[in-house]
Amino acid sequence: FKKRSFDLDVITIPFKFRPITSGLPRQLTTDFNGQLYTGFRIDRFTFKYNKTPVGLRAAHEHTALSVGLFGGLGATAITPWTTNNMTADEYNGLIFSRGVALMVGVSNLTVGLGLGWDYLADRDRAIWIYQNKPWLGLTFGLNIN
């Protein structure tokens, strides 16, 4: 049977692929982040009975598909390279992330693809080359509802 519901997850995006920006090559970043995800979810449950030497054994499968929005906090490397040499400082900056994701779930674990944008929340936001630029990311989540 199928079940349609509201979805609430805690997700992380361990890998972000950033396209060419300001003439600099593509980047695959692995900075820390934590996001809240909310969306629409369709769960599919399949129940069957398997014959065994000692009788019947119940078996079930659970998969889900979810689409929704996410937002949260993260960190990113701020360096001369990521600011077109407009700062000499090197530090980890606080970012706010937001985006959309399509995820597949098995039991309470979800994996998917996200499209997002980051906003640097400190003094170098005007010179950070990735400010509000799109990225693609691999999402991992835990269903909490």
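Predicted model: local features only at pLDDT ≥ 70, side-chain atom pairs only at ≥ 80, totals over all residues.
Three elements each supply two or more of its residues: β1 (2-18), β6 (109-120) and β7 (134-143). Which element gives the most? That is β6, with 4 residues.

You will find L69 in strand β4, residues 55-78. Is L69 buried or exposed? Its relative accessibility is 52%, and the cut-off for exposed is over 50%, so L69 counts as exposed.

Next, the rings. A pair of aromatic rings is described by the distance of the centres and the angle of the planes. This model has 4 aromatic pairs. One of them is F1 with F47, and it is stacked. The centres are 6.1 Å apart, with 15° between the planes. F1 lies in the segment before β1, while F47 belongs to strand β3, residues 33-52. That puts the partners 46 residues apart in the chain. Both F1 and F47 are exposed. Ring pairs also bring in F45, giving a cluster of F1, F45 and F47.

Turn to W128 and Y130. Their ring centres are 5.8 Å apart and their planes meet at 80°, so this pair is edge-to-face. Both residues are buried.

Last, the charges. The charged end of R18 sits over the ring of Y130, 4.7 Å from the ring centre. The charged end of K16 sits over the ring of W135, at 4.6 Å from its centre.

Key: Residues numbered from 1 in each chain as written. Heavy atoms only, no water. Buried < 20%, exposed > 50% of the residue type's maximum accessible area, 1.4 Å probe, protein only. Phe/Tyr/Trp six-rings, centres within 6.5 Å; stacked < 30°, edge-to-face > 60°. Lys NZ or Arg CZ within 6 Å of the ring centre and 35° of its normal.
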